[in-house]
Amino acid sequence: MIGDVMTDVITRMSAPVSYGSDTAAEIVLRPGGSGANTAAWLGHLGVPTVFIGCVGDDAVGRDARRSLEVHGVTAVLAVIPDVPTGTCVVLVDPGGERSMLPDAGANAFLTPEYLPRDAFTPGGHLHLSGYTLIRPSTREAAATAITTAREVTMTTSVDCASAAPLTQIGGEVFLSLIADVDLVFATLDEGEVLCGSRNPAEIATMLGRDHRAVVVKRGAQGALWFGPADEATAAAAASALTIDTTGAGDAFAAGLLRARRHGAPIATALADACRVAAGTVAVTGALPPREPARSR
């Protein structure tokens, strides 16, 4: 598992921002980061997980390591001197939708030298946060990880990360970077950037040319799996009170990867993923509870 480690400054607003004035809010600090969130959920669900990333030599970086380890993750975190651990200000509106203001910090310093070869094992699976591919300074490390995984016969997956940064680098560039990946996770917004369409079938058709399977995440409308031979499977979103959508997609990916690792049928895996995501949006922050899941 490769991705970002962040400290999330989660700001739950009482109303839309009053620009130039005050808006009452509840503010909490939580460990986060696309990649670290998925790793924590995988560990919580009982999946042996190695997470590779970078932190600063600071208290929040040490807290991030402890948080991953508490959830059963083997944290391989390079400590970058004189650079802070990444921070993300997360603005959560009264309906639970989040918008993010990230500062990559130490995450921007991930290079191939920080990828331990023994973390790549035959028959394993590499999941990669799209941010690592989008960011120019970490792109080489991400590409090296994908190549190494293929060399040792690991399967691979990528979460496309977020529509705005995908737009900045261009959909065609990102598609070229993930051409060798087996499974792609994308939202409708991300699919529109990559494929020029919000139609799930059209997104799947285009992405399916280069990938074995595509998962289209539709938030409150659930998710769709498109596999070989035009196989399509749908799952409804699990019912949940939406407080904070931060990390819902990361948790969804963990739920699906865990279910598929245990050989669950596609329909079951999608339903499990939706349930894990629902557990995330019902609380503030992106991480699972500290107690391990009862069913593994």
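**Labels and their grounds**

Guide: Strand S5 (residues 86–92) and S6 pair in the antiparallel sense over 6 bridges. This is a predicted model, in which local features need pLDDT of at least 70, side-chain atom pairs count only at pLDDT 80 or more, and totals for chains, interfaces and linings use all residues. Residues are numbered from 1 along each chain as its sequence is written, and side-chain values use heavy atoms, with hydrogens and water left out.

Visitor: What makes S5 and S6 a pair?
Guide: Two strands pair if DSSP finds at least two bridges between them, and S5 and S6 have 6 bridges. Strands themselves are DSSP runs (E, at least two residues), as are helices (H or I, at least four), numbered from the N terminus. Within this pair, Cys88 stands opposite Pro102 in S6.

Visitor: Which strands are called edge strands?
Guide: The open sheet of 4 strands runs in the order S2-S1-S5-S6, with mixed pairing. S2 and strand S6 (98–103) are the edge strands, since each pairs on one side only.

Visitor: How do you know that the span of helix H2 agrees with its number of residues?
Guide: The expected span is 1.5 Å times one less than the number of residues. For the 12 residues of H2 (residues 59–70) that gives 16 Å, and the end C-alpha atoms are 16 Å apart, so the two agree.

Visitor: Which residues of H2 are buried?
Guide: They are Gly61, Ala64, Ser67 and Leu68. They cover an arc of only 120° around the axis, which puts them on the same side of H2; the arc is that of the directions from the helix axis to the C-beta atoms.

Visitor: Why is Ser162 called buried?
Guide: Buried means under 20% relative accessible area, exposed over 50%, and partly exposed in between (1.4 Å probe, protein chains only). Ser162 has 18% relative accessibility, so Ser162 counts as buried. Ser162 sits in the loop between strand S8 (155–159) and helix H5 (163–169).

Visitor: What makes Arg198 and Asp189 a salt bridge?
Guide: A salt bridge needs a side-chain nitrogen of Lys or Arg within 4 Å of a carboxyl oxygen of Asp or Glu. The closest N and O atoms of Arg198 and Asp189 are 2.5 Å apart, so the pair qualifies. Glu192 and Arg198 also meet in a salt bridge, at 3.3 Å, N to O. Through shared partners, Asp189, Glu192 and Arg198 are joined into one network.

Visitor: Why is Arg198 called partly exposed?
Guide: Arg198 has a relative accessible area of 38%, and therefore counts as partly exposed.
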